[in-house]
Amino acid sequence: MNSKFSFLQFSYTELFKISELAEKLIHIDPSSSLAKSRLFSEKMAFLIWEFEGLEPFEGNQVERINQLFYRNFIPEVIKDLLHTIRKSGNRATHLGDSSEKEAFFILKKCFQLAKWFYETYENNYLAVEEYSLPPKEEQKSVDKLEEELSR
């Protein structure tokens, strides 16, 4: 697997599968790729909340992100990344006319977020610096990825 998100594969399998699906969908349906990217950021915000041992939270993603920032669990740059991914995913879901260029931009933001998350919570530096899509012919089928994700 050539996915730059492969560092998540063993410790954070669900995050990896969502990111892998977002990568595959970019060529088929960029709006769906953006929706998966938004899901990726939501799952990550939930994990951060959980890892920090915070009380159960029933609010929405905006409130969760802001609370993580206000309580000093995430830096401003991470807050901004989470909001950028969230807003783009919302637009894609409601309008459905997103471009591959936007989806690729957001995947790069997801990669930055994933790298920060992994380095912070696994205390392990990643040398990978720049995001690039895996070659098309080496990606799994969308159906197979969705099936794996649902398990």
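This is a predicted model: local features need pLDDT of at least 70, side-chain atom pairs count only at pLDDT 80 or more; totals for chains, interfaces and linings use all residues.

1. Just after α5, Asn123 has a positive phi of about 50 degrees. A positive phi also follows α4, where Gly96 sits near 65 degrees.

2. Helix α5 covers residues 100–121, which is 22 residues. From first C-alpha to last it reaches 31 Å, close to the 32 Å expected at 1.5 Å a residue.

3. The buried residues of α5 include Ala103, Ile106, Leu107, Cys110, Leu113, Ala114 and Phe117.

4. Lys115 lies in helix α5. Its relative accessibility is 15%, and therefore Lys115 counts as buried, the cut-off being under 20%. Apart from neighbours within four places in sequence, Lys115 is in contact with Phe7, Tyr125, Leu126, Val128 and Glu129.

5. Phe105 is also placed in helix α5. Phe105 counts as partly exposed because its relative accessibility is 39%, and that class runs between 20% and 50%. Between Phe105 and Leu39 there are 16 Å, C-alpha to C-alpha, at a sequence separation of 66 residues.

6. The axes of α1 and α5 are 10 Å apart, and the two helices pack at an angle of about 160 degrees. That angle makes α1 roughly antiparallel to α5, since angles over 145 degrees count as such. The crossing of α1 and α5 is left-handed. By class, the residues of the contact of α1 with α5 are seven nonpolar, two polar and two charged. On the α1 side, the contact is made by Leu15, Ser19, Ala22, Glu23, Ile26 and His27. These meet Glu100, Ala103, Phe104, Leu107 and Phe117 of α5.

7. For α2 and α5, the packing angle is about 20 degrees and the axes lie 9 Å apart. The two helices are therefore roughly parallel to each other, as angles under 35 degrees are classed that way. α2 passes α5 in a left-handed crossing. Among the α2 residues that make the contact are Pro30, Leu34, Phe40, Met44, Leu47, Ile48 and Phe51. The α5 side includes Ala103, Ile106, Leu107, Cys110, Leu113, Ala114, Trp116, Phe117 and Tyr121. The contact of α2 with α5 has 16 nonpolar, three polar and two charged residues.

8. What span should α4 have at 1.5 Å a residue? The 20 residues of α4 should span 28 Å, and the end C-alpha atoms are 28 Å apart, which agrees.

9. The buried residues of α4 include Ile78, Leu81, Leu82, Ile85, Gly89 and Ala92. Lys79, His83, Arg86 and Ser88 are buried as well. Which helices do the buried residues of α4 pack against? They pack against α2, α3 (61–70) and α5.

Key. Residues are numbered from 1 along each chain as its sequence is written. Side-chain values use heavy atoms; hydrogens and water are left out. Helices (H or I, at least four residues) and strands (E, at least two) are DSSP runs, numbered from the N terminus. The expected span of a helix is 1.5 Å times one less than its number of residues. Buried means under 20% relative accessible area, exposed over 50%, partly exposed in between (1.4 Å probe, protein chains only). Contact means heavy atoms within 4.5 Å. Axes are lines fitted to C-alpha atoms, for helices over the stretch in contact, and angles run from 0 to 180 degrees between N-to-C directions. Angles under 35 degrees count as roughly parallel, over 145 as roughly antiparallel, 65 to 115 as roughly perpendicular and the rest as oblique. A crossing is left-handed if the near helix is turned anticlockwise from the far one by less than a right angle, and right-handed if clockwise. Ala, Val, Leu, Ile, Met, Phe, Trp, Tyr, Cys and Pro count as nonpolar, Asp, Glu, Lys and Arg as charged, and the others, Gly among them, as polar.
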